[in-house]
Amino acid sequence: MSDTEPTLPADPQAYVEQVMAEIADEVRLRRASGDLPPKLERELDELFLAHSPVAGRGGDLGEALRMVDAATFIDPVVPVESERAAGAVVKKGMRSLLLWYVGWITHQMSQSSSAVSRALHIVDDRLGDLERQVEVQRIPGAKVVEFPALHRPDAWWVEPAVAAVAKAPGRVLHAACGDGWLVRRIDAAGGDAYGVDPRAHLVDAAELGILDLRGEGVAEHLRAVAAAGLGGVVLTGIVDGMGGGERTQLLTAIATRLAPGGALVVHSVSRDAWEAAGAPPEADLSPGRPLRADTWCRLLGDSGYEAVAQPGPGGEDFLVTAVRSSITTPYPPSER
Amino acid sequence: MAVHQFIPALNPHDATGTHTLKLRDALRAAGWRSEIFAEAIHDDLASQAYKHWMYPEHAAEGDVAIYQFTTSSAVAGYLAEQGLPLILDFHDFTAPEYFAGWEPRSVQRAAAAGEELALLAPQAVLGMAKSPFSERQLRRAGCRRTVVVPVLADYGRVTGAPDRRVAAELAALGERGGADILFVGRIVPSKAQHDLVKALWAYRRLYDARARLHLVGGTSSFEYAKALQGYVDDLGLAAAVRITGEVSDAALAAHFAAADVYLSLSAHEGFGVPLVEAMVAGVPVVTRGAGAVAETVSGAALVLAAADPAYIAAALHRACTDDRLRTALVAAGRRRAAELSGGAAAAPLVDAVAGAVAR
């Protein structure tokens, strides 16, 4: 601390905003220098999750039942070791005196726990049956569908997409990020971006020390993001083949995680390109088909965005840029 | 005529307990008869309140009920049956999703609180919220008339005489060097103390290897508290993170006096009394802007969009080392705290109650 009394800024609000901007610059520099590698941040999260109870890690019922079984028996014979010589004698005496009472209570508790455990095993068996039946009728999640001619750094839509999120009010998520080329472009334009891609092998091969890329599904990732925790989201190659339910879930999750004023950018191919003979095989394997640009604008407009579509020069693709204009209640009941 | 208050649990050293007692005094000073009825009453306050089912012994024509809505309680159903003109004094409650995977009982209780709010809000003649954030929640629940009023807190407790033993202990730690980062609040998932630990880890790695984190407050989520302790141990921070449990007012004052910065990364706050206490105590505040936090600090803190450890570490570094920023934050904090804790803080509540009673 300096000896001289610091002067108060003339406009405190502007001063705090300036400090926040400087902090954002500092973070970008730190990340670029590799002082806090993104991989390390992920490991910190995973370390905490390892301590959370079973349900907090996604609900492995089998593991939970094993824990219930292990905890079902309550031992009424308490340990009597003591650091003091007389302590063990006193404890042993108390144990002998109270064992008839404690034993009676613990016997009932053990019986009660055993009954609960048996009921849970029955539930587990029936759930297993149900899961097998549901699996037969399951609609698979959409795969990432990338068209080599359209998903490339020199494509027409890259500049407008980067411009839409470079000044976003917070971190920018790109999905599906692949090896992170768009993340790098957004960072270079002054944004603070990171990427998510369910194709973990692509992420593993990327420059993970420099770029913050995560090999996980975008819906799974968004569940772990705080409400209003993102300034921007760029979706490329992941919405085209989604079915209606999956798309609605994704857009709902994004709406709650985007800060007011945040931008959502969607790059999608046209139906002609999707149906063309040269389309990637993943297009055929996807449960849905691409929406038209006007439909995207209508969909996002109804969800509180101001959306604008920009068609690609060859009619094969389009870009929708949307700004979140209203606040959505975080975590609607359907997500609880 | 009487304006009585009902509350799920009346506890000392508790924000809603203090608020309820102060409001009772203000209502009496304004000329109303006023008693407190609660489902649970702490032994220390046994002479200050009655059990809620004892209300009929005190009932009179024209009674008005104020319900201090804090959590799920049998009092909600009881009040719904009484048919009294009802004022909801809403303190917000933590939504069930924050407990999911941690405390099944808390999930049920929070869900029940939501149902009780939906039951009472449409019946209320007035809803009093502690922040515009909470006011929106009241309106969504069906409250037709709402107003934002201050929390009647005992902010002076953080500038009172500090506990000597605790102050000496903290001073000894301070002599080792490194920043002292403080958070005050129950150890529960919604307060996200694990994010505070993560931020400390990043801050120590990037800026100040001797920094310490002081987590002051009891817990009602033992699974979360156990996980937090395990996380602290795994990160090798056992000597750098002090988890104090509940403390006396004097010990709390000692912690605020020793703190270099107050850091809150709560995922949900309906108001955030400790944020105001930090501003009263002249401690710069760095906080995540969740829930009503941004409204409570109103520009007098560094407000971050998310609990990103790199951002938080950088913000802590500025708040701890930039004298100009510290001076600006402390001055702005004191101004904001004065707005929220002025001597006439009870007046808007009494006026709001009078307005509702008159209709």
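Two rings of Phe, Tyr or Trp (its six-membered ring) are taken as a pair if their centres lie within 6.5 Å, and planes over 60 degrees apart make the pair edge-to-face. Across all chains of this predicted model, that rule gives 18 aromatic pairs.

Select Tyr67(B) and Phe69(B) to begin. Their ring centres are 5.5 Å apart and their planes meet at 70°, so this pair counts as edge-to-face. Tyr67(B) and Phe69(B) are both buried.

Next, select Phe48(A) together with Trp102(B), Tyr224(B) and Tyr231(B): these four residues make up one aromatic cluster.

Two arginines over rings follow. Display Tyr305(A) and Arg324(A); the arginine lies over the face of the ring, 4.9 Å from its centre. Then turn to Tyr15(A), where the charged end of Arg324(B) sits over the ring at 4.7 Å from the ring centre.

In soluble globular proteins, nonpolar side chains tend to be buried together. The largest nonpolar core here has 81 residues, and those touching the most other members are Tyr203(B), Leu237(B), Phe256(B), Tyr262(B), Leu263(B), Val286(B) and Leu302(B). Highlight helix H11 (residues 309–321) of chain B, which supplies the largest share of this core, 9 residues.

Centre the view on Tyr203(B). Apart from neighbours within four places in sequence, Tyr203(B) has contacts that include Ala179(B), Ile181(B), Asp208(B) and Ala211(B). Also among its contacts are Ala313(B), Leu316(B), His317(B) and Cys320(B).

Finally, select Leu173(A), Leu222(A), Met242(A) and Ile254(A), which are among the 32 residues of a second, separate core.

Key:
Residues are numbered from 1 along each chain as its sequence is written. Chains are lettered from A and ligands numbered from 1 in the order in which they are written. This is a predicted model: local features need pLDDT of at least 70, side-chain atom pairs count only at pLDDT 80 or more; totals for chains, interfaces and linings use all residues. Side-chain values use heavy atoms; hydrogens and water are left out. Rings of Phe, Tyr and Trp (its six-membered ring) pair if their centres lie within 6.5 Å; planes under 30 degrees apart count as stacked, over 60 as edge-to-face and the rest as tilted. Buried means under 20% relative accessible area, exposed over 50%, partly exposed in between (1.4 Å probe, protein chains only). A charge sits over a ring if NZ of Lys or CZ of Arg is within 6 Å of the ring centre and within 35 degrees of the ring normal. A nonpolar core is a set of buried Ala, Val, Leu, Ile, Met, Phe, Trp, Tyr and Cys residues joined through side-chain atoms within 4.5 Å. Helices (H or I, at least four residues) and strands (E, at least two) are DSSP runs, numbered from the N terminus. Contact means heavy atoms within 4.5 Å.
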